[in-house]
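Here is a short walk through one protein model. Keep the sequence and the 3D view side by side as you read.

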Amino acid sequence: MKTINDLFNCPLHSNQIDHLLIQIIEQGPHSVIITDAEGRIKYVNAEFTNVTQYKADEVLGKNPRILKSGKQNAYFYQNMWKRLCNKKSWTGEFCNKKKDGSFYYEKATIYPILDNKKDIAGFFAFKQDISCEKESKQKTEQHDTFQEELINTVHDGIGIVDTKEIIQYCNPAFASIFEVPLHQLIGKNLLQFFNKKDREIILKQTEKRKQGESSIYELPLKTQRNHVKWLRVSISPRYNLQGEFSGAFGVIRDITNEKEVYNKLRENQANLQDFFDNASELIQQCDSNGRIINVNNAWCKKLGFSKQEAMQMTYEDVIHSDHLAIYKKMYHSMKQGKKIYNMEIAFKRKNGKPIPVLANVNGLFRNGQFIHSRGIFVDISSIKQGEIAQKQYAEELKRSNEQLEQFAYVASHDLQEPLRMITSYLQLLQRRYKNKLDEDANTFIKYAVDGANRMTNMIRALLQYSRVGTRGHEFIIVDSNKALQLVLMNLDILIKDRQAKVTHEKLPQINADESQLHQLFQNLISNSLKFHGQSSPEIHISAVRLDDYWKFAIKDNGIGISSEDIKRIFTIFQRAENVQKIEGMGIGLSICKRIVDRHGGKIWVDSVKGKGSTFYFTLPEADASEK
């Protein structure tokens, strides 16, 4: 049988190849190429054509470079030919190109064929298609690369420890959490980073892993930089190829911020629960069917039910029958999205007695679906009692005023008659015996007449003071400019007599008793005209807005009032010391105070003795009653 070397000593014909050799080469699973010394293809087997898609007659006489893909560089081929030319075999991998242009990978071993003279007569290439293996390997490498990139980029720490808790592997996030360089963690015992108490927790978890259990738990970590962190550890057991326990695979997450948020939420929840339980108002929650699902302590205390009793009831059980129909209607509206504010209803206590409340109720909705109601109810029992007491007081005050008015009328009528008689007889004595009595008698009679006149004036003043609250008119919208002009017309003679200068700014519309406003202006301006100094009186009237009120000011340059007298000048029949010689009863300012009080305002004075006074008073604006 001829060898392949012998084939290259003569022309290559298929009938010269041993039949057995042909079968091995032709039926083998590997591609075979035989070339001459110049690299021209002399023979290819069936597997070659199967792999490359070239037929034998398409490649015979051509160079194997027709399979070149361009994936190998010139240096690759230089090394290959250098070895072959040195009559040595070469083994390597090619990325070649099939007839249809697609790439494939093959592992090749090329042998130089020597003739009898030991010269290279050709080359024998033995190739194995490794495309599938290559693709699988590339996928494996890509998968490994992806896994490595994934592990290295995740924010959770990933680590592997052996049975003694020695760290075998960890990713950058693991090192970042522990604040230790990555290379310094490998080979270290995980337990050394935790205190004694937490080591015991870890060791207990290790015992669970030995039993094949996975677990999730939390524990604190104090890093070498003294940062305290909270970790959530998810850990599972690992086994070797023999199925023996070999350690654990763990994922560690830094939940410090999460823990802080959670603790803050718990604190807020505790605060809300404390507010709910200890709020002074009654709080009640009901489900969509009206069943009570929660109440606070004030609700239980006011109504007399325990929380356990409340949970067995509906709102119908605690709303007083007089208000149940309106509350049902309100509850239905609230379930449609309406909010209820300050609706006055009454609860029914356990003993059956009513308790008046102001109801403020709204609904909680989720995805447009009504979940439950939330109601805050304010106990207004004391307010109701106050209203009753106030009503009774008002009625008593009305009766008292009526009695006072009646008394004042009787007093003025019954006292003035005797006083008129006394005055008349004294005046008769004064006229008839003027020159018949001595000087002392004349003086005594004069004092008696003056006293009777003063008594008459005081009785009239008292009657006028008492009628401020009982004989007033209804409040209407009054233009205070017109009211002031009418008063100035009434005082025109006095103003001219005193050579006074009276000025005013634009005054507002107010809600007042018009006749009493005239009296208020007249009394205050009259005082400024009356109690003037050596200079002619100068009076200025103004007003400024204060919320729902107007603050009026009447300023003069008169004799002023001492700080001691300011405290008592608004009291009936009380006068300042420096005006005792000036005619007056001490009733004007007290009447002003009663008028301002009736209008819901205040009156006061700023004054310096000898430097004038400014009287202030407040009155409601025109639409204050509507607000």
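A residue is called buried under 20% relative accessible area, exposed over 50%, and partly exposed in between. The model shown is a predicted one.

Start with helix 14, which covers residues 381-432. Leu-428 lies in this helix. Its relative accessibility is 31%, so Leu-428 counts as partly exposed.

Is Ser-381 buried or exposed? Ser-381 counts as buried, because its relative accessibility is 16%. Now look for Pro-354. Pro-354 and Ser-381 are 27 residues apart along the chain. Their C-alpha atoms are separated by 9.5 Å.

Next, turn to the cavities. How many cavities of 30 Å³ or more does a search of the whole structure find? The search finds two. The largest cavity has a volume of about 150 Å³. Its lining is made of 17 residues. Closest to the centre are Phe-174, Leu-190, Val-233, Ile-235 and Ile-252.

Strands supply much of the picture here. Strand 6 (157-161), strand 8 (215-222), strand 9 (228-239) and strand 10 (245-254) each give at least two residues to the lining of the largest cavity. Strand 10 has the largest share, with five residues. By type, the lining of the largest cavity holds 14 nonpolar residues, two polar and one charged.

Now move to a pocket. The second largest pocket has a volume of about 400 Å³. Which residues lie nearest its centre? They are Asn-63, Pro-64, Arg-65, Met-80 and Trp-81, out of 18 lining residues. Helix 5 (74-85) gives two or more residues to this lining, and so do strand 1 (31-36), strand 3 (90-97) and strand 5 (120-129). The lining of the second largest pocket divides into 11 nonpolar, four polar and three charged residues.

Finish at helix 20, residues 588-598. Its buried residues are Leu-589, Ser-590, Ile-591, Cys-592, Ile-595 and Val-596. Just after helix 20 comes Gly-600, which takes a positive phi of about 80 degrees.

Conventions
Residues are numbered from 1 along each chain as its sequence is written. This is a predicted model: local features need pLDDT of at least 70, side-chain atom pairs count only at pLDDT 80 or more; totals for chains, interfaces and linings use all residues. Side-chain values use heavy atoms; hydrogens and water are left out. Helices (H or I, at least four residues) and strands (E, at least two) are DSSP runs, numbered from the N terminus. Buried means under 20% relative accessible area, exposed over 50%, partly exposed in between (1.4 Å probe, protein chains only). On a 1 Å grid over the protein atoms alone, a cavity is a set of points where a 1.4 Å probe fits but cannot get out, and a pocket is an open set with protein on both sides within 12 Å along at least five of seven lines; lining residues have an atom within 4 Å of a point. Grid points are joined across faces, edges and corners, and a volume is the space filled by probe spheres set on the points. Ala, Val, Leu, Ile, Met, Phe, Trp, Tyr, Cys and Pro count as nonpolar, Asp, Glu, Lys and Arg as charged, and the others, Gly among them, as polar.
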